[in-house]
Amino acid sequence: MAENCSDSHEVTFDKPKVELHVHLDGAIRLETILDVAKKRGIQLPAQTVQEMKSLCTVEKPATLTEFLCKFEQYMHVIAGDRDAIKRIAYEFVETKSKEGVVYVEVRYSPHFLANCSVDPIPWNQKKGDLTPDDVVSLVNEGLKDGERDFNIKARSILCCMRHMPTWSMDIVDLCKKYRDDGVVAIDLAGDESLNCKADSGHKKAYEEAVRSGIHRTVHAGEVGQACVVREAVEVLKAERIGHGYHTIEDDALYKQLLEDNMHFEICPISSKLTGACDPDFTKHPLIRFREDKANYSLNTDDPMIFNTTLHTDYWTAKKYMGFTEEEFKRLNINSAKSSFLPEKEKKDLLNILYEAYGMLENTKF
């Protein structure tokens, strides 16, 4: 479909942008997967970029579970390889720079890229010597090199996984260890349709995150009901909600979150292709968010799997949802304000946007 083809869209908003919800392991270049597989002697069922695209991308609305299965096609190629992990982080920053992003928060599960000190070892890998701690260090190195070379600020969010609560305390410990070295928050991701309620392991990790002053976001209300969003806010003390489309089904909760200025990390193309929302973009919950002047960002989620760029999501919002340049400015300023940067860096980021948008700092939205 035209709206799912990233090559067919003009740049809808050519000013600096902020992206807050994008997964590193869903944003790997297909060329890189093929190259790393060749170097490591890993046989793939595809030999060309086009063949890999057919294997790894979602072209029409499916389910979240079907979407998550796509990772099984290629994650074993990157996981456990130090050079590959650093490379995908570096290339990610380059890609975002080309999309006009000046600040990005990229998220991932360190355990999914490790082959040691993780149980079970993911993707049927043989046990090696790469721990989740090593993964975080390597990603940090790649992001820093990218920042230096592409004039963009990049920070990371570490993901707990709904189906693996035993990993969650490791995640909060890594957040604490690397909080001054690029890691800005903790997240809870995974298949919400299979694990709606947060396990006690996740709750304990989030309680520790609160005690330790670690910022918190949670995937909630993507395919799950509004009650999952309520749990994210009331139990896990989330400061931002990943997706959150079904929040509007609970009018009291939605109004409360509007009053609280809760930030929603919205991913339009993703929400269609995972079956999270009506495939008709003119009926998307984002329209309600826009009309209510909610606090939200526009994001790609997993651009490689959806065969998109950030431009695709902006183009879609303009074409089908009535977005204007002024609304794009507003949402990016709100994104900067809702970022997990320290206050001084957040102010610097806002000043970059205000200058690029031709606005005074005290402009009110």
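The buried residues of helix 6 are covered by several elements, among them helix 5 (82-98), strand 2 (101-108), strand 3 (153-161), helix 7 (168-177) and strand 4 (183-189), where helices (H or I, at least four residues) and strands (E, at least two) are DSSP runs numbered from the N terminus, and contact means heavy atoms within 4.5 Å. The structure is a predicted model, in which local features need pLDDT of at least 70 and side-chain atom pairs count only at pLDDT 80 or more, while totals for chains, interfaces and linings use all residues. Residues are numbered from 1 along each chain as its sequence is written, and side-chain values use heavy atoms, with hydrogens and water left out.

Helix 6 comprises the 19 residues 132-150, which at 1.5 Å a residue should span 27 Å, and its end C-alpha atoms are 27 Å apart, in agreement with that value; the expected span is 1.5 Å times one less than the number of residues in the helix. The buried residues of helix 6 are Pro-132, Val-135, Val-136, Leu-138, Val-139, Asn-140, Gly-142, Leu-143, Gly-146, Glu-147 and Phe-150, where buried means under 20% relative accessible area, exposed means over 50%, and partly exposed lies in between (1.4 Å probe, protein chains only). Asp-149 also belongs to helix 6, but with a relative accessibility of 37% Asp-149 counts as partly exposed. Although 60 residues separate Asp-149 from Ala-89 in sequence, their C-alpha atoms are 13 Å apart in space. Just after helix 6, Asn-151 adopts a positive phi of about 55 degrees.

A search of the whole structure identifies 39 salt bridges, a salt bridge being a side-chain nitrogen of Lys or Arg within 4 Å of a carboxyl oxygen of Asp or Glu. One of these pairs is formed by Lys-177 and Asp-133, whose side chains meet at 2.7 Å, N to O. Lys-177 lies in helix 7 and Asp-133 in helix 6, so this pair ties together parts that are 44 residues apart in sequence. Of the two partners, Lys-177 is exposed, with a relative accessible area of 52%, whereas Asp-133 is partly exposed, at 23%. Salt bridges also link Lys-86, Glu-141, Asp-145, Arg-148 and Asp-149 in a network.

Arg-29 is placed in the loop between strand 1 (17-23) and helix 1 and Glu-94 in helix 5, so the pair ties together parts that are 65 residues apart in sequence. Arg-29 is partly exposed, with a relative accessible area of 25%, and Glu-94 counts as buried, at 18%.

Pockets were located on a 1 Å grid over the protein atoms alone, a pocket being an open set of points where a 1.4 Å probe fits, with protein on both sides within 12 Å along at least five of seven lines, and lining residues having an atom within 4 Å of a point. The largest pocket has a volume of about 660 Å³, a volume being the space filled by probe spheres set on the points, which are joined across faces, edges and corners. This largest pocket is lined by 32 residues, of which Leu-68, Phe-71, Phe-112, Trp-123 and Met-161 are the closest to its centre. Two or more lining residues come from each of helix 3 (64-69), helix 4 (75-78), strand 2 and strand 3, and helix 3 contributes the largest share, five residues. The lining of the largest pocket divides into 14 nonpolar, 10 polar and eight charged residues, where Ala, Val, Leu, Ile, Met, Phe, Trp, Tyr, Cys and Pro count as nonpolar, Asp, Glu, Lys and Arg as charged, and the others, Gly among them, as polar.

The second largest pocket has a volume of about 520 Å³, and Arg-29, Thr-95, Met-304, Thr-308 and Thr-309 lie nearest its centre among the 22 residues that line it. Helix 5 gives the most to this lining, with six residues.
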